[in-house]
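Please read it alongside the sequence and the model.

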Amino acid sequence: MQVRRAQGCELQLADGRSLIDAISSWWVTLHGHGEPAIAAAIACQAQELEQVIFANFSHAPAEELATRLSQLTGLERLFFSDNGSTAVEVALKMAWQWWRNQDGGADGGNPGVERRQLIAFSGAYHGDTFGAMAVGDRSLFTAAYEPLLFNVSRGAWPHTWWGDGDVEAKEAQALADLEQALATPTAAVILEPLIQGASGLRMVRPAFLRAVAARVSAAGALLIADEVMTGFGRTGALFACQKAGIQPDLMALSKGLTGGFLPMGVTMASERIYQGFISDRPTDTFFHGHSFTANPLGCAAALASLDLLEQTPERFQQFEGRHRPLLEHLSQHPGVHHPRCMGTVAAFEVDAGEASYLNPIGLQIQRHCMEQGVYLRPLGNVVYLLPPLSISDQQLERCYGAITSAITALV
Ligand SMILES: Cc1ncc(COP(=O)(O)O)c(C=O)c1O
């Protein structure tokens, strides 16, 4: 299917059909397609400075973006890259090298702490480059590369849903397991705060994340928050870490960063991490860079997107209140299981065979909804909505209507 144009929440296809983009084109389109303020900012920037090598040189949009993101995240430093996977790679490399630098770097020196363990969670997805795949859970996506992926210890992710009676027991077990894993000297723990995306919009409670963060900190390990999906209002707060009340050492951002207009990633880092790379030893340098580092067009888009978020915070803060009654109503359908929602994200499972990405029910639901003018992309038997912030009440109701019709016909 060829898309000819996209405006707001609607994709207009070359064959004349139009579809509501209920998943924000893989979670990137934050405000809406063609958002005029962002389009104008990019056009304006293109006439001033479209790209320049970001070594030796800097530029105003990058500096302003750095300042604003550090104020918003509480992490003083940032490193630019190209997408979510590279933002995660940078975070992992920084965490690893930070400990090595503490250790006296390649030249030896200080008696160091040998911290060789990385911990990630079951069900995690952090991207498709090698480091990101290694910390992601092993799955169909990573099977072909298994021998090339480095070892990671894996904690349990006690995801929950409305009416889940077992959540406390699951959390207690997960925390006990994590404590045990942290007994081995650990460089860093990486997690998707509050919502794991690709494994099926699996949500944990803020209190669980606070307990994880406390244990990571007590063990002296670094905490990496992958906010590639959850960042920029998706969970109802600007960042999931803020909603959960945790402060990571490193944070990966992308997707909604530019409002979904241009590919860009950033890795936020605390001053403490940054200082670990300030040294006279060349081997302490963070040798990582991309051709399009801090692309001025991406920075201009990100600044315009931040303006919009700051001008209308109620659009993300109040989104959950729009999902809730519609999801509650949908949940009465006997084929709907484990309903859950947070911020702009609503999800549930359909009981149709195996809980797997390859479960064909997802494709069947997708086809049925497209016939109703709604674009969804279920993850196997997990159906979810993650629409742009500008979706109207009427459009949102149409999405739920299409899902109801699909479930009634197929489950
Ligand atoms: C939590 C998370 N991290 C990283 C990534 C990878 O981002 P990208 O596809 O931009 O490389 C994704 C993509 O879905 C994601 O959801």
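1. The chain is divided into domain 1 (3-34 + 318-410) and domain 2 (41-310), with the bounds taken from an automatic or database domain assignment. The C-alpha centres of domain 1 and domain 2 lie 27 Å apart. The model is a predicted one, in which local features need pLDDT of at least 70 and side-chain atom pairs count only at pLDDT 80 or more, while totals for chains, interfaces and linings use all residues. Residue numbers start from 1 along each chain as its sequence is written.

2. Between the domains, 22 residues of domain 1 are in contact with 22 residues of domain 2; contact requires that the C-beta atoms of two residues, placed from the backbone, lie within 7 Å. On the domain 1 side, the elements that give two or more residues are α1 (24-27), α12 (319-331), β13 (336-342), β14 (345-350) and β16 (382-385). Helices (H or I, at least four residues) and strands (E, at least two) are DSSP runs, numbered from the N terminus. β13 gives the most to this side, with four residues. By class, the side of domain 1 that touches domain 2 has 13 nonpolar, seven polar and two charged residues. Here Ala, Val, Leu, Ile, Met, Phe, Trp, Tyr, Cys and Pro count as nonpolar, Asp, Glu, Lys and Arg as charged, and the others, Gly among them, as polar.

3. Helix α3 (residues 60-73) packs against helix α10 (residues 296-311) at an angle of about 40°, and their axes are 9 Å apart. Axes are lines fitted to C-alpha atoms, for helices over the stretch in contact, with angles from 0 to 180 degrees between N-to-C directions. α3 and α10 are therefore oblique to each other, given that angles under 35 degrees count as roughly parallel, over 145 as roughly antiparallel, 65 to 115 as roughly perpendicular and the rest as oblique. P61, A62, E64, L65 and R68 in α3 meet P296, C299, A300, A302, L303 and L306 in α10. This contact has nine nonpolar, no polar and two charged residues.

4. α10 also packs with helix α2 (residues 36-48): the axes come within 8 Å and cross at roughly 150°, and the crossing is right-handed. Residues A37, I38, A41, I42, Q45 and A46 in α2 meet P296, L297, A300, A301, L303, A304, S305, D307 and L308 in α10. By class, 12 are nonpolar, two polar and one charged.

5. Helix α13 (residues 361-371) and helix α14 (residues 393-410) have axes that come within 9 Å and cross at roughly 125°. α13 and α14 are therefore oblique to each other, and their crossing is right-handed. I361, Q364, I365, H368 and C369 of α13 contact A402, I403, S405, A406, A409 and L410 of α14. The classes are eight nonpolar, three polar and no charged residues.

Definitions and conventions:
A crossing is left-handed if the near helix is turned anticlockwise from the far one by less than a right angle, and right-handed if clockwise.
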